[in-house]
Amino acid sequence: MPTRHLSLSSTTSEEVRSALAALRAEIGLPAMFPPAVLDEARAAAQREITRDRQDRRDVEFVTIDPPGSMDLDQAVHVASSGDGYIVRYAIADLAAFVTPGSPLDLEVNRRGTTVYGPDTRTPLHPPVLSEGAASLLPDEDRPAALWTIGLDAHGEMTSASVVRALVRSRARLTYGEVQSALDAGTAPESLQLLADVGRLREERERDRGGVSLDVPEQEVGEHDGRFSLAFRRTLPVEGWNAQISLLTGIAAARMMREAGVGIFRTLPPADPRDLARLHRTATALGIEWPDDEPYAALLGHLESRKPAHAAFLNEATTLFRGADYVAFGVPGDDGTTVRLPAPGEDSLVRHSAIAAEYAHVTAPLRRLVDRYGTEVCLAHSAGRDVPRWVADALPRLPRTMASTGHTAASFERSCVDIVEAALLQGRVGQQFDGVVVEVEDHHGKPTNRGEVVLRDPAVRARVDGDDLPLGRRAKVTLAEASIPGRSVRFTL
């Protein structure tokens, strides 16, 4: 799912870094791995990995990630099949390193997800694995779950399988490098075909009624004691590469449905109140959005290189509320087993943004649930029963992912608060133009508290005042901007 990304420049003040450190301690993000876990990870990194695997080191895989990335979950290769395409997608195989029930496994289950902050990250796995032996680094033999997905000329899926394999990535590429090569016409055939498949899958997504957000990264800078908040432009190849991951997640969900056991990622339709608030945010940012234009159609007009559009795309992540996981086909704690409804029926097992059934299997280095989902698909593809350790874990995974996901989301929201306070510090008493996008109510009656979105800088924060003019432009005065308090407040 789309998330907001913040990164700090090297010049960011110590006050901001201290506030982020205090936030990590308050939320309870683990500072380090226990010694027994580190010992196990180091031993696992030396484990023999070639047994019982297809040798696919002949495939010229590459990884495509942000600059400096070391935790490389996916490597891709796309070929022509004459009348369509063959997508090969190698996913880091964590089961080769993590023994069920071991101290490492218990610690990873406690963490649930990698938590990314503007200045550092709290990894799911020890770096000796996530940035070393399990990462699909170039010119290294690596264990992987290898997906092979057939597509027709229109980008529709025609086949899918997954096996354990030994792979060897040829290059660690950045999005910028791939986009430049594609634009210059110098990209190898596999990357040109990836772009073709990515465009086709975007079309199929629109046909299904799905939407994808190109959420740009926000970079916090400081110059002469003043903070700035800039957006990094999203490149087309980032969307095309994301479509390969979405394609694999849809293929995994189909396998799980066939197997009658698995875990889906779900998302209910957007709340009309969130859509209404997003309309008001568009007004605040000067983005024209006619009432009769569908949300998905609006996204086609937005460009992340434009600051107002980038700010809107960040705010649009609020539509993706209520995401959850549904485990099925195995008895839960209460002894009951969730059964899936028939395909195509309206249910709670679809992902409304993707407009399809969907499962997480492509980021096991950074997300716990992917390791288990991958094992379900490997077993089904090989005609075997799902391993007992996987079946036993599935019922509790939705709770684990909800809890750890809530922690990560809380951390992310508070990071934004710190950054916005830094951006506005020293400007208390100044007036700004904004639009009131939300007014809180108490027992159905409006209160004197709400939220305002400024156009410049693109900040959303609390606003207090009598008779707040919901959905209308207003002059607001900055009353508070506290970095340690992680708070920004305006008055009407």
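Predicted model: local features only at pLDDT ≥ 70, side-chain atom pairs only at ≥ 80, totals over all residues.
**Glutamate 451 is partly exposed, with a relative accessible area of 25%.** Being partly exposed means falling between the two other classes: buried is under 20% relative accessible area and exposed is over 50% (1.4 Å probe, protein chains only). Glutamate 451 has a salt-bridge partner in arginine 460, with 3.8 Å between the closest N and O atoms. A salt bridge here is a side-chain nitrogen of Lys or Arg within 4 Å of a carboxyl oxygen of Asp or Glu.

Residues are numbered from 1 along each chain as its sequence is written, and side-chain values use heavy atoms, leaving out hydrogens and water.

**A salt bridge ties arginine 371 to aspartate 105.** The N to O distance is 2.8 Å. The two partners come from distant parts of the chain, 266 residues apart: arginine 371 sits in helix α11 (residues 368–381) and aspartate 105 in helix α3 (residues 103–111). Helices are DSSP runs of H or I with at least four residues, and strands are E runs of at least two, numbered from the N terminus. Arginine 371 and aspartate 105 are both buried. In total, the model has 31 salt bridges.

**Aspartate 392 and arginine 388 pair up within helix α12 (residues 388–393).** Their closest N and O atoms are 3.2 Å apart in a salt bridge. They sit 4 residues apart, about one turn of the helix. Why does that spacing work? An α-helix has 3.6 residues a turn, so residues three or four places apart point the same way. Arginine 388 is exposed, with a relative accessible area of 58%.

**Tyrosine 372 is tucked into helix α11 and is buried, at a relative accessible area of 1%.** Skipping residues up to four places away in sequence, tyrosine 372 touches Asp105, Asn109, Trp389, Val390, Ala393, Leu394, Arg396 and Leu397; touching means heavy atoms within 4.5 Å. Its side chain also makes a polar contact of 3.3 Å with the side chain of asparagine 109. A polar contact is a pair of N or O atoms within 3.5 Å; within protein, one must be able to donate a hydrogen and the other to accept it, and residues adjacent in sequence count only if both atoms are side-chain atoms.

**Helix α2 (residues 35–45) has these buried residues: Val37, Glu40, Ala41, Ala44 and Ala45.** They lie on the same side of α2, because they cover an arc of only 135 degrees around the axis, taken from the directions from the helix axis to the C-beta atoms. Among the elements covering them are α3 and α4 (127–133).

**Helix α8 (residues 272–284) runs for 13 residues.** From first C-alpha to last it reaches 19 Å, close to the expected 18 Å, the expected span being 1.5 Å times one less than the number of residues. Aspartate 271 caps the N-terminal end of α8, placing a side-chain oxygen 2.7 Å from the backbone nitrogen of arginine 273. Just after α8, glycine 286 has a positive phi of about 75 degrees. Buried residues of α8 include Asp274, Arg277 and Leu278.
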